[in-house]
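Here are my notes on the model you sent.

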Amino acid sequence: MLVARSIALFAVAALFEIGGAWLVWQGVRGSDAHGGRGWIWIGAGVIALGLYGFVATLQPDGEFGRILAAYGGVFVAGSIAWGMVADGYRPDRWDVIGALVCLAGMALIMYAPRGR
């Protein structure tokens, strides 16, 4: 049950962080003749990024370094998925393999048995 909760929290954190960064990107560089979509998009992104920081604290494991290191793998894979859905990005096989390697690393960092 703790692993399922942890995975769900990583997914929510990814939505907030990647979504927040994407909103800031759109606010600064998005369409509207490449002048960006404006401060409302940027502000929404900043709020989402703040929520990401809060969600990360809800992980069952209390080790900050471990949580953030493992989240890196989720971020890599999630960013590629976000780009596919939001921007029509088409990853090549190396993108996919790299993301899978990152997720494998994340699983080792977070869920490997430890003798405590």
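Predicted model: local features only at pLDDT ≥ 70, side-chain atom pairs only at ≥ 80, totals over all residues.

1. Val 85 belongs to helix H3. Val 85 counts as exposed because its relative accessibility is 76%, and the cut-off for exposed is over 50%.

2. The protein chain has four helices and zero strands. Read from the N terminus, the order of elements is α-α-α-α. A box of roughly 55 × 35 × 20 Å, taken along the principal axes, holds the C-alpha atoms of the chain. The chain has 116 residues, of which 28% count as buried.

3. The cavity. The count gives one cavity of 30 Å³ or more. The volume of the largest cavity is about 40 Å³. Its lining consists of Leu 9, Phe 10, Ala 13, Tyr 52, Ala 56, Gln 59, Ile 67, Leu 68 and Tyr 71. Helix H1 (2–29), helix H2 (39–56) and helix H3 (64–87) are the elements that give two or more residues to this lining. By residue class, the lining of the largest cavity holds eight nonpolar residues, one polar residue and no charged residue.

4. Ile 67. This residue is one of those that line the largest cavity, and Ile 67 sits in helix H3. Why is Ile 67 classed as buried? Its relative accessible area is 5%, and buried means under 20%, so Ile 67 falls in that class. From Ile 67 to Arg 90 the separation is 23 residues in sequence and 29 Å in space, C-alpha to C-alpha.

5. Val 12. Val 12 is found in helix H1. With a relative accessible area of 34%, Val 12 is partly exposed, because that class lies between the 20% and 50% limits. Val 12 and Leu 51 are 39 residues apart in sequence, yet their C-alpha atoms are 9.6 Å apart in space.

6. The volume of the largest pocket is about 220 Å³. Twelve residues line this pocket, and those closest to its centre are Leu 2, Pro 60, Asp 61, Met 110 and Tyr 111. The elements that give two or more residues to the lining are H1 and helix H4 (93–111). H1 provides the largest share of the pocket lining, namely three residues. The pocket lining divides into six nonpolar, two polar and four charged residues, whereas the lining of the largest cavity has no charged residue.

7. The salt bridge. How many salt bridges does a search of the whole structure find? The search finds one salt bridge. The side chains of Arg 66 and Asp 61 form a salt bridge, with an N to O distance of 2.9 Å. Are Arg 66 and Asp 61 buried or exposed? Both Arg 66 and Asp 61 are buried.

Methods. Residues numbered from 1 in each chain as written. Heavy atoms only, no water. 1 Å grid on protein atoms, 1.4 Å probe; cavity = no way out; pocket = protein on both sides within 12 Å on 5 of 7 lines; lining within 4 Å. Points joined across faces, edges and corners; volume = space filled by probe spheres on them. Nonpolar A, V, L, I, M, F, W, Y, C, P; charged D, E, K, R; others polar. Buried < 20%, exposed > 50% of the residue type's maximum accessible area, 1.4 Å probe, protein only. Salt bridge = Lys/Arg side-chain N within 4 Å of Asp/Glu carboxyl O.
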